[in-house]
Amino acid sequence: MSDKKEIKLTINGRVHNISVDPRWTLADTIRDHCGQTGTHLGCEHGVCGACTVLVDDTPVRSCLMFGIQADGKKIRTVEGLANGSEYHPLQKAFMENHALQCGYCTPGFLMLATGILEAQPDIGDDELNDVLSSNLCRCTGYANIIKAVRAARDEMRKTD
Amino acid sequence: MATATNRMLGHLGDSVERLEDPPLVTGKGKFVGDINFPDQLHMRVVRSAHAHGAIKSVDTSAAEAFPGVIAVWTNTDIDDVPPIDFREGSDPTLALFRQYPLARELVRYVGDPVAAVFAEDPYTAEDAAELVILDIDPLPVLINADDTPQDFMGKATTEAAVVEQGYGDIETTFDKAYKVVEIDVKVSRHTGVPMECRGAIGRYDEARDVLEMYGAAKVPHRNRDTLCRMLNRPASGVHLFEGHTGGGFGIRGELYPEDVLVCVAAMRLGRPVKWIEDRQEHLMAANHSRQQRHIIRAAVAEDGEVVGLDDELYLDQGGYIRTHGTRVANMTTGTLPGPYRFPVYRSVCHFRLTNKTPAATYRSPGRCESTFVRERLMDAVAVAMDMDPIAVRRRNLISLEEMPYGRALDVLGDSVEHDPGDYAGLLDQGLAQIGWDDLQKQLEERRSNGEMVGAGISMFFEKSGLGPSDGAKIFIDNSGYIEVVTGGASIGQGFETAMAQIAAEDLGTDYRRIRVVHGQTNRIDYGVGAHASRATVLTGTAVSLTAQAVRAKALDMAAELMQTTADSLTITDGAVHSKNNPTGPSLTLGEIAEALLPTSKIRGDREPYLKGEEWFHIDHQTYPYGHHIAVVKVDPDTGGVEIEKYFIAYDIGRSINPMMIEGQLVGGLAQGVGGALFEEFTYTEAGDPQAVTFADYLMPTLQETPEPEILLTEDFPSIRTPLGIKGAGEAGITGAAGAIASAIDNAIGIPGAVTETPVSPQRLKTILREHGK
Amino acid sequence: MKPTAFEYHAPTTVNEALALLAEYAPNDGRILAGGQSLVPTMAFRLARPTHLIDINKIVELEKISVEDGALCIGANVRHAKFHTPACDGVLGNLLSEVVKSVAHYPIRQRGTFCGSLAHSDPASEWCMVAATLDATMIVQSAAGERVIPADEFFDTVMTTTLNDDELLREVRIPLLSKDSVYGFQEFSRRAGDFAISMTLVTYRLEAGKIVDPHLGVGGAEDRPRRIAEAEEALAGQIPSDSIFQAAADAAAAAIDPMEDHATNAQYRRELTETLVRRALENTVS
């Protein structure tokens, strides 16, 4: 049993000063020790992408990082997407396009899409499909997820 | 008063956004893993690494001594807890094959729970679980359901049951047949694999003597009843709560050993007990499904009519019989004829135990398997008779004129009676829409240029709306806000929105003013949950009848208040007004509710409150129908299959929310593609599972999943319910394997090539090589 | 699927990391770089390191540069760095084509090139690239530095000739000449999956004839390697369908394919023939 270490995680702009066991994954740290349960565990071995968060604006599988590695880094999760009561264009697009059914994979897709659209606002359809194929969904059959992310991309380009 | 015309109120037929979505897109959902109670313990299950063996001893001492561990249980600690019974009631002939929450004497599959560790946190629990030492004497392992059955505990054999259905004289029909066509086909072992693993939290409120279970799904009331029987508690002292659930597909929500364990532990250890399964456990411990082998033959007349169908099948049940008993066998044998007449029929199902994960229902259970088998056979008949595969199907389809069409078959206790539908008519529409004849010409030309391309079709019928009954409650408060309480369940399919739209239609309100309650056994006495595509049909109709009753009550009160007659009034966007005067005087539902308060002086003799409770009883299930068409391209060098085009035609009877229905079809197809091309649980001869990670159990990503073109018709509203609705949950998956197999045969030019799923590149290469291609 | 306990270290210099590795490697202490391969094995508790030495804070390991005719890739360089060409010329283009087949986008943001090599999964694209292009591995321990050529680095499945106390600090891939051509082919069950087989071929033409062919196969055997028989079938020949077929046949015959519960040797062999042929066809199209 190793000693806990003090770290500072900044999640959606809020600082969490916590003591972590180094073996706690970032996903478990965010969920169980910072109270942000929007990030979900689908497989815990880096295949499904349900646990995707943004670490310093980069989409990352939080089950493949340890919480202690995120000390001092800027983390964004699904709970931070909306701007107060105003939905993020991706959230709106997902609802308008019926891009979720059970909603379990949704936070992972939202954060993956946020990351790629911020990094490459002009990304083309085929390349976007390639990025979105990183995550698994068992409910929707993906078609509406594609529609929603494209719609959000187009919307976000307009307001830039 | 806002005009209802410039915004959708979410009535029947409106593709409105779902009520479920806002918490889910903001990360505010409460899946069972997100729920925590003060002082909770975490449970970790210790599972057998042997596929079959006698338990000699379980040494828990090191685990118990591990810091942070509160208790470690084996079956000895809970020997008063009976095995998990069948959901639909006891069955003495099958009782022997049930599973105890922790194995007693024997383990029967890798993953079989043998011990449970209760610790302060999940990391500690997993550490301690590794210290439990299982001493197991291996016993012979039975892997194949079509091998000779073995002894079962000296009291029976592993052929737990033989389920047979049929009608007519098989022997004579086959003796006299013009031609007999026989095939031997297999469906692989695969299952739902939702994105959320299973989980449950047991909590005992000692102050009120109430046992609570969180993480319930699918059939909370039934599970409540089973737990009451098992633990000898009254229904008022056991409450099950369904929060958000990350997909079900038939897998989640049946009563599992772990659910029972958290409940018993919460009571006996005096602290809430939380169990969240991991993915590796899920793939070896949650219900598997589908694995069947059929040897099936058709007796064919000279004009292509299939005058007899004779089927023998082996159903691989795995290590135990769980809550479904032999229902999958019943559904397979009962639905195998599908949309075809088959005047003489027999299906004999050898329901056999093996040393693998127990199997049960997965989306479209029995129909998915039987549709694949039957459609393969219809293709084989076409080849044998040198007939076009569509012509053969037409020759055999039940016609509209023959409906309702009864068969001497049973599906889940309901005698089969097809409700009216035009199977051939929808086929005409589908073929026209996809341009079948032109498609065939294009494919022929591409084949002559060396491409391996082809098209295939699969026709099916589905079943939905299993009864017998369901009820609903509606309450409208002083603000006009409506609560609909059901015994339904939500597994992500949009149940709340569907019920709200039905209620909104009948109450004349905006669906956004409606809260739908489901999965809370303490809010309503009875519920059917959500399975068998029954929620929309059964619960939906109950909601409709209740809403109509509440509407009548509201209009009756309003008529007195407005000094007119009830039949001159209507409700628009929550306000009651005269039909002839939409912008005239009106009363809101809230004002009417206020008038009906117990203390209200104007209530008169009327029962207090604007509320209602009604029941709906259905005689027979409904049988929606349709077909799938697939166009594929095969790479002869790699054996890879690309689905170029996909088409689904389906008659839904009446839509509540077309966007949600299409979502069900598209999502179902993705799982169908998975089953046809990718998903398979395999085992070594010793019974070790080989697909226990997502690197081995392959599910389609976005790149492998086609977006289907959909033809959704409402030509034949169901006669079983006043709403005319039929279920949509399973149609997307049912026809997939048959259509894809048919298309692959066509593409490679080898009729009958595909005899098993999944059609992996390696399997396809083997077929090509064996045929010199 | 929670990992077992470990002590965590986050050195900021290479020497610090090597000292930690020297101290803890005998007790199953390991390097943590991208974690995309190591952490899943820890989740399954197949790997149980007692110490993790996280090298992500060591800035000098992020270096990627061209020196002495080779692309030098430091231990912390992520796969994503190759999304756009990491150097001018053919090699840069080659790497940015191959990277599209490496796992998925988010994995590529964390996973490292050198980490893939040290992990030595037979289905790793970078391992095959390193073997085919005769990369050299610069390996360092507290005791000093040594150089391991690619054909002595990959031993078998998940095993290299690195000692436990050594860090793969840098990989050097020789640049390809301006007139080099290449072809890359991979086949997997789904987008982003491990390759069932894959191949990389490079060569150039002198007077219309193939010179200096490199043809490597990965995913099919327990480690990636250049296939001499296939290269011999190409060397000195004028590119043509029949030459390409001969090389593909030679590659298929030369390999000793792995078998597992999902894939047999015959399928891998035949697949390899197809992929080599197609990769060679890519070089002229």
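How many helices and strands are there in chain A? In this predicted model, chain A holds five helices and five strands. Along the sequence, these elements of chain A come in the order β-β-α-β-β-β-α-α-α-α.

The overall dimensions of chain A were computed from its C-alpha atoms. These atoms fill a box of roughly 50 × 30 × 25 Å along the principal axes. The radius of gyration of chain A is 16 Å, which agrees with the value near 15 Å that a compact globule of 160 residues would have. Of the 160 residues in chain A, 67% are buried. Contacts in chain A were also sorted by separation in sequence. Among those between residues at least 6 apart, 56% join residues at least 24 apart.

The interface of chain B and chain C was examined next. The size of an interface is often given as the accessible area lost when the parts come together. Between chain B and chain C, the buried area is about 2,400 Å², and carbon and sulfur atoms give 50% of this area. On the side of chain B, 32 residues are in contact with chain C, and on the side of chain C the number of residues is 23.

Which kinds of polar interaction link the two chains? The rule finds nine salt bridges across the interface of chain B and chain C. One of them joins the side chains of B:Glu126 and C:Arg45, with an N to O distance of 3.4 Å. On the side of chain B that touches chain C, the elements giving two or more residues are helices α3 (122–129), α7 (279–285), α16 (658–678) and α19 (761–770) of chain B. Sorted by class, this side of chain B has twelve charged, ten polar and ten nonpolar residues.

C:Thr272 lies in helix α9 of chain C, which covers residues 265–284. Is C:Thr272 buried or exposed? Its relative accessibility is 1%, and therefore C:Thr272 counts as buried, the cut-off for buried being under 20%. When neighbours within four places in sequence are left aside, the residues in contact with C:Thr272 are C:Ser197, C:Val217, C:Ala220 and C:Ile255.

Definitions and conventions
Residues are numbered from 1 along each chain as its sequence is written. Chains are lettered from A and ligands numbered from 1 in the order in which they are written. This is a predicted model: local features need pLDDT of at least 70, side-chain atom pairs count only at pLDDT 80 or more; totals for chains, interfaces and linings use all residues. Side-chain values use heavy atoms; hydrogens and water are left out. Contact means heavy atoms within 4.5 Å. Buried area is the accessible area (1.4 Å probe) that two parts lose on being put together, summed over both. A salt bridge is a side-chain nitrogen of Lys or Arg within 4 Å of a carboxyl oxygen of Asp or Glu. Helices (H or I, at least four residues) and strands (E, at least two) are DSSP runs, numbered from the N terminus. Ala, Val, Leu, Ile, Met, Phe, Trp, Tyr, Cys and Pro count as nonpolar, Asp, Glu, Lys and Arg as charged, and the others, Gly among them, as polar. Buried means under 20% relative accessible area, exposed over 50%, partly exposed in between (1.4 Å probe, protein chains only). The radius of gyration is taken over C-alpha atoms; the globule rule is 2.2 Å times the number of residues to the power 0.38.
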